[in-house]
Amino acid sequence: MIKRYLGAFMLAFAVSVSVAQNPTIPLYVGTYTSPNGSQGIYEFAFDPKTGDAQLIGETKSPNPSFIAKRGNLLLATNEMTDGSQTLSAFRIGDKQLSLINALPTGGSAPCHVVMDQGAKYAVVSNYLGGALDLYALNADGSLREKTDTKLYQGSSVNMNRQEASHIHSAFFGKDSLLYVSDLGADKIYMLAVVQGDRGYTFQEKGEITVPAGSGPRHLAFHPNGKLLYSLSELTADIHVFEKKKNTWSLVQTLSMNAPGFAGKNGAADIKLSQDGKFLYATDRVDANTIATFAVNRKGKLAQKQVISVMGKGPRNFNFSPDERFILVGNQLTDEIVVFARDAKKGLLTDTGKRIKASKPVCILF
């Protein structure tokens with residue numbers, strides 16, 4: 001009897017030690033919703049040591065295609081085109097997300113949101129309508145009001161995709177300015193967010209012109225703040241801009257495709273490792289790949305690897321917090337593929353691990 005109790009105790013102790021050694025972290029996944037698929041935002045428990053993930057729950061929200069968080073606040077763009085499009089605020093709790101409130105957007109198909117470091121305001125990019133929205137946040141994380149909307153009316157050479165401005169994303173640079181990619185106009189707008197009598201407002205600071213027909217979508221900044229990497233959806237090119245005397249100049253253009261590729265492009269996401277040594281980008285449509293680039297001391301790129309994402313429609317991807325893994329959301333094949341990352345060489349290897357999720361389009365730790 002004593003041996004039996006001792007054995008049970010030792011087993012329980014071993015399990016508790018194992019759990020303590022491999023604590024999980026929250027992983028949130030934004031999706032496109034459907035009657036028989038996702039109902040909103042998935043939450044998984046992700047093991048940063050093994051790359052395994054277990055579904056914890058699902059919070060209802062229509063088409064939460066892009067999500068962002070600060071502390072226990074999570075914001076989601078509800079990418080609708082029927083007039084019901086909103087920005088939604090959620091509180092992160094012990095069990096699941098809880099909706100705080102939501103406000104309508106100034107354009108249609110809101111596809112990106114970013115918050116400032118202090119979570120005092122949020123900026124939403126609307127793919128349709130040329131609108132960039134600015135929202136003030138309350139101390140409890142609720143959306144107070146929309147304080148400004150910037151409307152753009154541009155176009156470019158590809159009349160199938162660039163007949164009007166399509167605001168696709170806004171990212172903060174190292175200079176605290178917002179860099180806003182307009183796929184439809186082949187422009188990157190630079191804006192400051194200032195606080196005045198009317199609350200927070202946008203203030204124009206200049207613009208960067210991207211080669212005609214490129215369709216800038218997302219971008220990333222080098223840690224030194226003097227290099228900007230713009231990913232073009234329509235051509236799958238990465239344009240490298242360098243800042244000299246407050247002017248951004250194009251210094252390199254490099255395709256993310258493998259040599260000999262002749263299919264259609266749909267470049268989606270771009271991110272830089274924390275040490276600034278490696279850059280990654282995804283391409284959809286016919287390619288369905290993720291590319292790895294080495295970044296030299298001057299910030300120039302050299303392609304090192306182009307591999308299959310083991311699925312279709314790789315939209316968003318993200319590093320695990322320690323950058324041991326890169327998780328790629330394959331929208332059209334309903335799963336997230338987990339790649340192991342070599343920190344020294346930058347190369348990716350398929351771990352064989354898959355996270356089932358319907359139409360995953362945004363991955364957030």
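The legends below describe an overview and several close-up views of a predicted model.

Residues are numbered from 1 along each chain as its sequence is written. Because this is a predicted model, local features need pLDDT of at least 70 and side-chain atom pairs count only at pLDDT 80 or more, while totals for chains, interfaces and linings use all residues, and side-chain values use heavy atoms, with hydrogens and water left out.

**Figure 1. Overview of the protein, which has one helix and 28 strands.** Helices (H or I, at least four residues) and strands (E, at least two) are DSSP runs, numbered from the N terminus. The radius of gyration, taken over C-alpha atoms, is 21 Å, close to the 21 Å that the globule rule gives for 365 residues, so the protein is as compact as a globular protein of that length; the rule itself is 2.2 Å times the number of residues to the power 0.38. Along the principal axes, the C-alpha atoms fill a box of roughly 80 × 50 × 40 Å. Of the 365 residues, 54% are buried, where buried means under 20% relative accessible area, exposed means over 50%, and partly exposed lies in between (1.4 Å probe, protein chains only). Among contacts (heavy atoms within 4.5 Å) between residues at least 6 apart in sequence, 46% join residues at least 24 apart.

Figure 2. Thr-292 is buried, with a relative accessible area of 0%. When its neighbours within four places in sequence are left aside, Thr-292 is in contact with Leu-279, Tyr-280, Ala-302, Gln-303, Lys-304, Gln-305, Gly-346 and Leu-348.

**Figure 3. Close-up of the salt bridge between Asp-52 and Lys-353.** A salt bridge is a side-chain nitrogen of Lys or Arg within 4 Å of a carboxyl oxygen of Asp or Glu, and the structure holds 14 of them. In the pair shown here, the closest N and O atoms of Asp-52 and Lys-353 are 3.0 Å apart. Asp-52 lies in the loop between strand E2 (40–46) and strand E3 (53–60), whereas Lys-353 lies in strand E27 (residues 348–356), so the pair ties together parts that are 301 residues apart in sequence. Asp-52 counts as partly exposed at 38% relative accessibility, and Lys-353 also counts as partly exposed, at 26%.

**Figure 4. Close-up of Lys-271 and its salt bridge with Asp-269.** Lys-271 has its place in strand E20 (residues 267–272), and its closest approach to Asp-269, N to O, is 2.6 Å. Both Asp-269 and Lys-271 are buried. Apart from neighbours within four places in sequence, Lys-271 is in contact with Ala-220, Phe-278, Leu-279, Tyr-280, Asn-316, Phe-317, Asn-318 and Phe-319. The C-alpha atoms of Lys-271 and His-218, which are 53 residues apart along the chain, are separated by 8.9 Å.

**Figure 5. Close-up of Asp-350 and Arg-354, whose side chains meet in a salt bridge.** The N to O distance in this pair is 2.9 Å. Asp-350 is partly exposed, with a relative accessible area of 28%, and Arg-354 is partly exposed as well, with a relative accessible area of 31%.

**Figure 6. Close-up of a network of salt bridges that links Arg-161, Arg-217, Glu-233 and Arg-284.**
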